[in-house]
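Please walk through this structure with the model open beside the text.

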Amino acid sequence: MLKQQSTLSLVMIAMFAALTAVGAFIKIPLPLVPFTLQIVFVFLAGCLLGGRNGFQSQLVYIGIGLVGLPVFTQGGGITYVLQPTFGYLIGFALAALVIGYMIDRVESPTKKHFIVANIIGLIIIYAVAVPYLYVALNLWLNMKSSWSHVFLVGFVNSIVADFCLAIASALLAERLYKVFRSARAIKLVQIEKENV
């Protein structure tokens, strides 16, 4: 088992955490759940960094926001867990993990593998985010909302655009994958030498 990560690995994790933060500010205001480009960097983190590092990049992003830096769409701070959209952030981390795990299991992933992995990641995001949105609105925000209303604002309003972004991100990931895979291979060789 590898006990340490190379500087390159940490840089890539930090880079995708930063890109996810940037994506939060490229947004279209919508009721309750703004549409952002964060999801593009979630898909790319999973596809290009692998399961563990993709997951860690999203945890770094979430952690930075929870300690108070305004990197989320509506600020930051520990109380952000009470925001109705916090479920999307949880979904981002889980999606990056699963996408990366799926790609890591394939020796030479093709366009089809990236597309399928991203679509499954998209399903995971919404499977976490929509129930979280419902619970947040009805329990602690006291904004009584029906499942149909939550489904509309949390899913219907953005699913078509997010699905298109999942496909576009998969096509981009396919082009970038060999570069990132080479970098990760170099990292593994370096760590193995250090552990000898």
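The model is a predicted one. Start with its largest nonpolar core, which has 51 residues. Leu48, Tyr61 and Leu89 make the most contacts inside this core. Which elements give two or more residues to the core? They are helix H1 (7–24), helix H2 (38–49), helix H3 (51–66), helix H4 (86–104), H5 and H6.

Residues up to four places away in sequence are not counted here. Leucine 89 then touches Gln38, Tyr61, Ile62, Phe72 and Tyr80.

In H3, Tyr61 and Ile62 are buried, and so are Gly51, Asn53, Gly54, Ser57, Gln58, Gly65 and Leu66. The helix has 16 residues, and at 1.5 Å a residue they should span 22 Å. The end C-alpha atoms of H3 are 22 Å apart, which agrees. Just after H3 comes glycine 68, with a positive phi of about 125°.

Now turn to helix H5 (residues 111–140).

Is alanine 117 buried or exposed? Alanine 117, placed in helix H5, has 0% relative accessibility and therefore counts as buried. Setting aside neighbours within four places in sequence, alanine 117 is in contact with Ile99, Met102 and Ile103. Isoleucine 90 is 27 residues from alanine 117 along the chain, and their C-alpha atoms are separated by 18 Å. Lysine 112 is also in helix H5. At 56% relative accessibility, lysine 112 counts as exposed. Lysine 112 and glycine 91 are 21 residues apart in sequence, and 22 Å apart in space, C-alpha to C-alpha.

Aromatic rings come next. The whole structure holds 10 aromatic pairs. In one of them, phenylalanine 86 and tyrosine 132 have ring centres 6.1 Å apart and planes at 50°, so the pair is tilted. This pair links distant parts of the chain: phenylalanine 86 is in helix H4 and tyrosine 132 is in helix H5, 46 residues apart. Phenylalanine 86 has a relative accessible area of 7%, so it is buried.

Another pair joins tyrosine 134 and tryptophan 147. Their ring centres are 4.0 Å apart and their planes are at 5°, so the pair is stacked. Tyrosine 134 lies in helix H5 and tryptophan 147 in helix H6, so the pair ties together parts that are 13 residues apart in sequence. Tyrosine 134 is partly exposed, with a relative accessible area of 23%. Tryptophan 147 is partly exposed too, at 46%. Elsewhere, ring pairs link Tyr88, Tyr126, Phe151 and Phe155 into a cluster.

Aspartate 162 is found in helix H6 (residues 147–195). Aspartate 162 is buried yet has no salt bridge. Which side chain of opposite charge is nearest to aspartate 162? Lysine 27 is, at 15 Å away. Leaving aside neighbours within four places in sequence, aspartate 162 is in contact with Tyr126, Phe35, Ile39, Phe43 and Leu122.

Finally, look at backbone angles in the loops. Most residues other than glycine have a negative phi. Leucine 32 is not a glycine, although its phi is positive, about 70°. Leucine 32 sits in the loop between strand E1 (27–28) and strand E2 (35–36). At 27% relative accessibility, leucine 32 counts as partly exposed.

Asparagine 142 follows H5 and is placed in the loop between H5 and H6. At 58% relative accessibility, asparagine 142 counts as exposed.

Terms used:
Residues are numbered from 1 along each chain as its sequence is written. This is a predicted model: local features need pLDDT of at least 70, side-chain atom pairs count only at pLDDT 80 or more; totals for chains, interfaces and linings use all residues. Side-chain values use heavy atoms; hydrogens and water are left out. Helices (H or I, at least four residues) and strands (E, at least two) are DSSP runs, numbered from the N terminus. Buried means under 20% relative accessible area, exposed over 50%, partly exposed in between (1.4 Å probe, protein chains only). Lys and Arg count as positive and Asp and Glu as negative; His and the chain ends are not counted. A salt bridge is a side-chain nitrogen of Lys or Arg within 4 Å of a carboxyl oxygen of Asp or Glu. Contact means heavy atoms within 4.5 Å. A nonpolar core is a set of buried Ala, Val, Leu, Ile, Met, Phe, Trp, Tyr and Cys residues joined through side-chain atoms within 4.5 Å. Rings of Phe, Tyr and Trp (its six-membered ring) pair if their centres lie within 6.5 Å; planes under 30 degrees apart count as stacked, over 60 as edge-to-face and the rest as tilted. The expected span of a helix is 1.5 Å times one less than its number of residues.
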